[in-house]
Amino acid sequence: MRLLSFKAVVLAVIVAIVFILFQYILKGNEPISTPQNVTLHFGQQGVEDFNTYTGGNVDVQPAGMSFFDLFWTPPNLGTVNIAHEEHTLTLDNVFSVLGSQKSSGINGIDMDSGLNKAEFVEPKEAYLAYKELLTQINQKGWQQYYAPYAPRVSKQNNLRSIKRSNEVTDPSYILSYEEWSDLFNSNPDQRLDYNLYLDGIIMNITLKKTKANEFGQEQYLLRYSFNTAGYIGVNLIEGGSKLEGAALKKAYEDTIKLALNDRSKQELNLQEQGYTIDENYESPDFWEYMK
């Protein structure tokens, strides 16, 4: 009788241990929930950030690139703080983030978000969200950026450039509500494309009206792309990732010369069309970030 009782106790203990282990395994396999508010850096600090938020889940590609993903689902959209040096830019209503990593760490961050938290909003509410976003970007010190090969269309031609090619040439200028409405109501394919730069980081933004519902409410989506100047500089060069030292520097200088020559030709053509060129603008030198 005692032997049976002892066996029953042992069996009960074994069952309890198996149950605890099973629960532990299930918990370990649960996907990590992304915090609603995250801060992301570039370089090695950025790798640590993504590892923290993803639990180390990374897509490693054979070409030497690795990718991290973060996702949020409505109505609980994310808030992402993009941090570099002493700068921080806070972006709301984020659906997804893709972090790109090379040996130097995170060199690119791509994000998709809504202009507003709600899927559809009144036209004036969408405009006010745009105005708030642009106000923050300007207050944080982001400036107009022209790639070495891109024509430097002056800010005096801002509206003309937007209507012609979607490109904003004066990010400090915030459209009036009338200008905003006219742009997006007169052209269903209208976008606002921003190219900005601040202390070694290039930020590209695309803002587009994607839908309108039967109540006259509108939906706008945003695509942000952040890249380090070092990464962009190397990728300007054909085969740049295989070069280093003096060879990389010479290739960079040669590439910039060719790009500036191409820019001059484009600018002459635009001047003939009546555009003015910002001849005082000089593209930032990325070499210091490529060493």
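Q: What counts as a pocket here, and what counts as a cavity?
A: Work on a 1 Å grid over the protein atoms alone. A pocket is an open set of points with protein on both sides within 12 Å along at least five of seven lines. A cavity is a set of points where a 1.4 Å probe fits but cannot get out. Lining residues have an atom within 4 Å of a point.

Q: And what is a volume?
A: The space filled by probe spheres set on the points, with grid points joined across faces, edges and corners.

Q: What kind of model is this?
A: Predicted: local features need pLDDT of at least 70, side-chain atom pairs count only at pLDDT 80 or more, and totals for chains, interfaces and linings use all residues. Residues are numbered from 1 along each chain as its sequence is written, and side-chain values use heavy atoms, with hydrogens and water left out.

Q: What is the volume of the second largest pocket?
A: About 480 Å³. Its lining has 25 residues, with Ala147, Tyr149, Ala150, Glu167 and Asn195 nearest the centre.

Q: Which elements give two or more residues to that lining?
A: Helix H4 (158-165), strand E9 (201-212) and H7. Helices (H or I, at least four residues) and strands (E, at least two) are DSSP runs, numbered from the N terminus.

Q: How does that lining split by class?
A: 13 nonpolar, 10 polar and 2 charged residues. Ala, Val, Leu, Ile, Met, Phe, Trp, Tyr, Cys and Pro count as nonpolar, Asp, Glu, Lys and Arg as charged, and the others, Gly among them, as polar.

Q: Now the largest pocket. What volume?
A: About 660 Å³. It is lined by 31 residues; Ser104, Gly230, Tyr231, Val234 and Tyr289 lie nearest its centre.

Q: Which element gives the largest share of that lining?
A: H6, with 5 residues. By class, the lining has 12 nonpolar, 14 polar and 5 charged residues.

Q: Switching to rings. How many aromatic pairs?
A: The count is 15. Rings of Phe, Tyr and Trp (its six-membered ring) pair if their centres lie within 6.5 Å; planes under 30 degrees apart are stacked, over 60 edge-to-face, the rest tilted.

Q: How do Trp180 and Phe184 pair?
A: Tilted: 4.7 Å centre to centre, 55° between the planes. Both lie in helix H5 (residues 177-186), 4 residues apart.

Q: Which cluster holds them?
A: One aromatic cluster, formed by Tyr127, Tyr130, Tyr177, Trp180, Phe184 and Tyr220.

Q: What sits over the ring of Tyr177?
A: The charged end of Lys124, 5.0 Å from the ring centre. The rule: NZ of Lys or CZ of Arg within 6 Å of the ring centre and within 35 degrees of the ring normal.
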